[in-house]
Amino acid sequence: MILAGGLGTRLSEETSVMPKPLVEIGSEPILWHIMKIIRGHGIREFIVCCGYKGLLIKRYFAEYGLRALNVTYDLAESSVEYRDRHGEDWRVTLLDTGLDTMTGGRLRRAADLLDDEPFLMTYGDGVGNIDISALVDFHRSHGKLATVTAVQPTGRFGAMYLAEQDPHVRAFKEKPDGDGTWISGGFFVLDPRALDLVTGDDCVWEHGPMGALTEAGELVAYRHQGFWHPMDTLRDKHVLNELWNSGKAPWQTW
């Protein structure tokens, strides 16, 4: 399940005309990159929870064959024939979960499409070389309701190391690793029963439900020590595009 309904206000240069999941890295939207990462681990069924400009996301998938495949139109027969089958084998459900619905509410609105098995959940704005298979295995091993992927993002600025009362710079490192703090990398594995903690459309998943799971000892962290990067700002978009265009994008594990 991919949450793709937010306004993306911190990337307003792009999201004034499109939803953030459709902002492109290379020639494809970040949503495509996320789905390719997941499909590389054997998962081919997706639920995309739409909201803000969700029609554009639906249109992207409706026109996917036109962009990716060769096609023959028989105007006399009013038929369409795709000439090859080199597209994706995804099965994608695009669900309108409301314009103003919060993250928890979007999950709850999609609950009827789930079975009793754990499911993967993430957001439509972050990529990484996360081992999804290992994440799922880890979740199954501990038997709790929820697993969150913990990451340590790279620092944005160069760091200087100074000794007290000494003006000389002892060391300098451009864009050092984080300060040791772990943050949510946005890739979860959830038991459907975790959605019982969502109280309504105005429920923010990251606040009430995650707090309740933590207090109950039902939230476990899977530590990812590899690459992870969000796309929150225009700068983030430029960083991800530079990596993709270099041919060495760390998240391209498929």
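## Sheet, helix faces and buried lysines in a predicted model

Trainee: In this predicted model, what is the strand order of the open sheet of seven strands?

Mentor: The protein chain as a whole has eight helices and 15 strands, and seven of the strands form an open sheet with mixed pairing. Strands of a sheet pair through backbone hydrogen bonds, either parallel or antiparallel. Read across the sheet, the order is β7-β4-β1-β8-β13-β10-β14.

Trainee: Which are the edge strands, and what is the average twist from one strand to the next?

Mentor: An edge strand pairs on one side only, and this holds for β7 (91-96) and β14 (219-223). From one strand to the next, the twist averages 30°.

Trainee: Which residue in β4 is the bridge partner of Ala-4?

Mentor: Strand β1 (residues 2-4) and strand β4 (residues 45-50) run parallel and are joined by three bridges. In β4, the residue bridged to Ala-4 is Cys-50.

Trainee: Which strands does helix α2 touch, and what angle does its direction make with that of β8?

Mentor: Helix α2 (residues 30-39) packs on the sheet, where it touches β1, β4, β7 and β8 (119-123). Taking the direction of α2 against that of β8, the angle is about 155°.

Trainee: Why do the buried residues of α3 lie on the same side of the helix, and what arc do they cover?

Mentor: The buried residues of helix α3 (residues 54-62) are Gly-54, Ile-57, Tyr-60 and Phe-61. An α-helix has 3.6 residues a turn, so residues three or four places apart point the same way. Elements covering the buried residues of α3 include β1, β3 (28-29), α2, β4, α4 (64-68) and β7, while the exposed residues Leu-55 and Ala-62 are carried on the face turned away from the buried side.

Trainee: What kind of aromatic pair do Tyr-60 and Phe-61 form?

Mentor: Twelve aromatic pairs are found in a search of the whole structure. For Tyr-60 and Phe-61 the ring centres are 5.1 Å apart and the planes stand at 80°; since planes over 60 degrees apart fall in that class, the pair is edge-to-face.

Trainee: Which residues do ring pairs link into a cluster?

Mentor: Ring pairs, counted when the centres lie within 6.5 Å, connect several aromatic residues into a cluster. Its members are Trp-32, Phe-227, Trp-244, Trp-251 and Trp-254.

Trainee: Is Lys-20 buried or exposed, and which residue's side chain does it join in a polar contact?

Mentor: Lys-20 lies in the loop between α1 (12-15) and β2 (24-25), and because buried means under 20% relative accessible area, its value of 11% makes Lys-20 buried. Leaving aside neighbours within four places in sequence, the residues in contact with Lys-20 include Gly-8, Thr-15, Gly-124 and Met-231. At 3.0 Å, the side chain of Lys-20 makes a polar contact with that of Asp-125.

Trainee: Where is Lys-237 found, and what relative accessibility does it have?

Mentor: Lys-237 is found in helix α8 (residues 234-245). Not counting residues up to four places away in sequence, Lys-237 touches Glu-14, Val-23, Glu-24 and Met-231. Lys-237 counts as buried because its relative accessibility is 17%.

Note on methods. Residues numbered from 1 in each chain as written. Predicted model: local features only at pLDDT ≥ 70, side-chain atom pairs only at ≥ 80, totals over all residues. Heavy atoms only, no water. Phe/Tyr/Trp six-rings, centres within 6.5 Å; stacked < 30°, edge-to-face > 60°. Pairing = 2+ DSSP bridges. Helix = DSSP H or I, 4+ residues; strand = E, 2+ residues; numbered from the N terminus. Axes fitted to C-alpha atoms, helices over the stretch in contact; angles between N-to-C directions. Contact = heavy atoms within 4.5 Å. Buried < 20%, exposed > 50% of the residue type's maximum accessible area, 1.4 Å probe, protein only. Polar contact = N/O pair within 3.5 Å; in protein donor to acceptor, adjacent residues only side chain to side chain.
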